[in-house]
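Please read through the following model from its overall layout down to single residues.

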Amino acid sequence: MATRWSRAVSAAALACALVLASLPCGAALKVEIGQSGKECFVEHASNEADTFTGSFVRVYSGEKAPRGNKWDGAFDLNVRDPSRKIVYTVRHKNEHRFEFAAEQAGDHEFCFSNIKKVPVTLFYNAVVGHHYAHDAATTAHVSDLEAALSSLKQVSGQVRVEVTYQKQRETAHRKTTETINGRVFGYSLLEAAALVGTALFQANYVKRLFTQKGKGRMGVMGV
C-alpha cells in the first residue's frame, strides 16, 4: 500500500512539474494597423470546447488621446472557426475582453479591422486552454489530478491575460486623462485672459467716460 501511494505521489509531482514548466505565455502582440487596414492572427484549439480567453487595447504611443466620443472605437473584431463561420464578433471598440468556447477543434482566425482614417496601434493578448471536470485525486485517480493541473494551467493563463489587459487599459486611460487635463488647463488660461482683458477694457472705458464728462463741465464753467 505504501509503495502504491509513493508511486502515485511521484507521478502527481511529475505531472505538476511538467504543467508548471509549460504554463502558457499566450499570444501577446503589439502591432500597428494602417489606415482602414486589417490584421489577422491564428489561434489553435486542440479540442472542441477549448476556451479562448484574451483582450485587446488601443495603445497611444507618444500620441494624445483623440477627441470625440469615448465609445467611438477604432477596431472591429471577427473570429472565424476552421469552417470559416463567424463565431465571435465585436464592433467599434478601443478595448475589450473576450472569453468563448470553441465549437470545433482547429485553427481559429482573429481578424482586427481599423475603422479609423489614421494608423492605430493594437495590443492583443490571448490564451487557449481547456477546463476539466474532476473529483478529488486519490491513489486510483492520478489522471484526475493531471486534469486538475491542466485546468490550473488554463486559469493561470487567464490571470496573466487579465493583468496584461489592465496594465494596457490603465496606460490608455492615463493618456486620456492627461489630454483632458491639458485641455481644461488651456481653457482655464483662455478664460482667465478673457476676464482680465474684459476688466481692463471696462476700467479704461469708465475712465474715458469720467474724463470726457470732466472736460465738458470745465467748458460750461468757462462760458
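This is a predicted model: local features need pLDDT of at least 70, side-chain atom pairs count only at pLDDT 80 or more; totals for chains, interfaces and linings use all residues.

Residues are numbered from 1 along each chain as its sequence is written, and side-chain values use heavy atoms, with hydrogens and water left out.

The protein has two helices and eight strands. Helices (H or I, at least four residues) and strands (E, at least two) are DSSP runs, numbered from the N terminus. Read from the N terminus, the order is α-β-β-β-β-β-β-β-β-α. Of the 223 residues, 30% count as buried. Here buried means under 20% relative accessible area, exposed means over 50%, and partly exposed lies in between (1.4 Å probe, protein chains only).

Strand 8 covers residues 120-129, and nine of its 10 residues are buried. Strand 3 (residues 51-59) runs antiparallel to strand 8, and nine bridges join the two. Two strands pair if DSSP finds at least two bridges between them.

Leu122 lies in strand 8. Leu122 counts as buried because its relative accessibility is 0%. A contact means heavy atoms within 4.5 Å. Not counting residues up to four places away in sequence, Leu122 touches several residues, among them Ile33, Phe41, Phe56 and Phe112. Ile33 is 89 residues from Leu122 in sequence, yet their C-alpha atoms are 7.1 Å apart.

Leu122 also belongs to the largest nonpolar core, which has 20 residues. Such a core is a set of buried Ala, Val, Leu, Ile, Met, Phe, Trp, Tyr and Cys residues joined through side-chain atoms within 4.5 Å. Leu122 is among the residues with the most contacts inside this core, as are Leu77 and Phe98. Strand 8 gives the most to this core, with four residues. Leaving aside neighbours within four places in sequence, the contacts of Leu77 include Phe56, Tyr88, Phe98 and Phe112.

Which kind of residue is Phe210, buried or exposed? Phe210 lies in helix 2 (residues 142-222), and Phe210 counts as exposed because its relative accessibility is 60%.
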